Amino acid sequence: MLGSLTLNAQAATVSVSNYPLFLLSQAVTEGSPAAKQLLQAGEVGHHGSISPGDIKAIQDSHFVVWFGASLENNLASSLESAPNAIALFDFNAFNRHPLRDVKGVPIAGTLDPHMWLDPENAKAITRALAVIHSHANPQYKKLYHANAQKFAQRMDSAVANEIQKVQQEKGQKAYPYWAYHDAYQYIEASLQLQFIGSLSADDHIAPKASQLRWLNEQRPAKQMCLVSPSSPAKGLLAKLQPVNTTVQAEDMSMSKDFVAGWSIMAQQIRRCIS
């Protein structure tokens with residue numbers, strides 16, 4: 001027991017930026033000291049602020065892992081010039097999609113930052129975290145890499161399970177859906193989802209009447225599904241009827257485990273559409 005406490009005391013601190021990255025880091029560090037989380041659940045990076053204590057944690061950490069300024073602009077002033085910061089968006093190692101406008105048209109030269117929802121990206125991020133944690137705490141290197149491998153197996157099993165369910169749907173080639181704002185692009189391929197359009201470019205901006213009219217005119221199914229990060233107003237839903245809704249926080253803030261949270265999100269979106 002004393003030896004374990006000594007190891008924990010000697011562990012170098014690694015900080016991670018937001019909640020989905022913390023969940024992925026937890027999968028890697030299971031059985032060893034966890035990373036410090038800078039942003040709270042619900043503060044993906046668009047919103048929220050960091051405290052003086054967080055700034056000190058950044059300075060004291062061996063490494064600080066974040067996605068990058070295009071997602072976490074509230075961390076940019078502290079991390080863009082920090083010598084110990086590692087921005088995952090700088091790695092040429094992930095599947096990437098551009099942002100799409102409210103009508104689903106890709107916007108050239110942009111990056112949709114919600115890349116952790118792609119299972120292949122999630123696995124790649126855990127592999128990168130295993131390397132980073134190993135540099136900070138080499139005494140746990142074998143554990144980190146074994147945990148990353150275990151995560152990949154769990155993620156693959158979850159995806160295979162969802163694909164099997166999709167294939168069992170008779171005559172269903174794609175699942176059309178609306179989003180309040182376009183945050184779910186990276187989960188579409190695994191579930192054969194078809195994005196029809198979003199209500200707004202930002203979930204904090206009310207949709208325009210012209211966009212609601214356009215969505216109603218373009219609806220490919222009488223009963224549509226709206227995926228939203230929070231519960232939409234009843235008055236808004238009344239203008240889109242008939243519509244089912246499913247509330248899905250893109251930062252998985254309702255989950256304690258990444259794979260379990262991803263699976264629940266996938267199942268609830270699929271049920272909302274079918």
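Both cysteine 225 and cysteine 272 are buried, a word used here for under 20% relative accessible area, with a 1.4 Å probe and protein chains only. The model is predicted, so that local features need pLDDT of at least 70 and side-chain atom pairs count only at pLDDT 80 or more, while totals for chains, interfaces and linings use all residues. Residues are numbered from 1 along each chain as its sequence is written, and side-chain values use heavy atoms, with hydrogens and water left out.

These two cysteines are joined by a disulfide with an S to S distance of 2.1 Å, where a disulfide is a pair of cysteine sulfur atoms within 2.5 Å. The pair links distant parts of the chain, since cysteine 225 lies in strand E7 (residues 224–228) and cysteine 272, 47 residues apart from it, in helix H10 (residues 258–273). The torsion about the S-S bond is about 110 degrees, so the disulfide is right-handed. A search of the whole structure finds 1 disulfide.

Turning to the fold as a whole, the protein chain has 10 helices and 8 strands, which are DSSP runs numbered from the N terminus (helices H or I, at least four residues; strands E, at least two). Of its 274 residues, 51% count as buried. Among contacts with a separation of 6 or more, 58% are between residues 24 or more positions apart, contact meaning heavy atoms within 4.5 Å. The C-alpha trace spans about 65 × 40 × 30 Å along its principal axes.

Definitions and conventions. Buried < 20%, exposed > 50% of the residue type's maximum accessible area, 1.4 Å probe, protein only.
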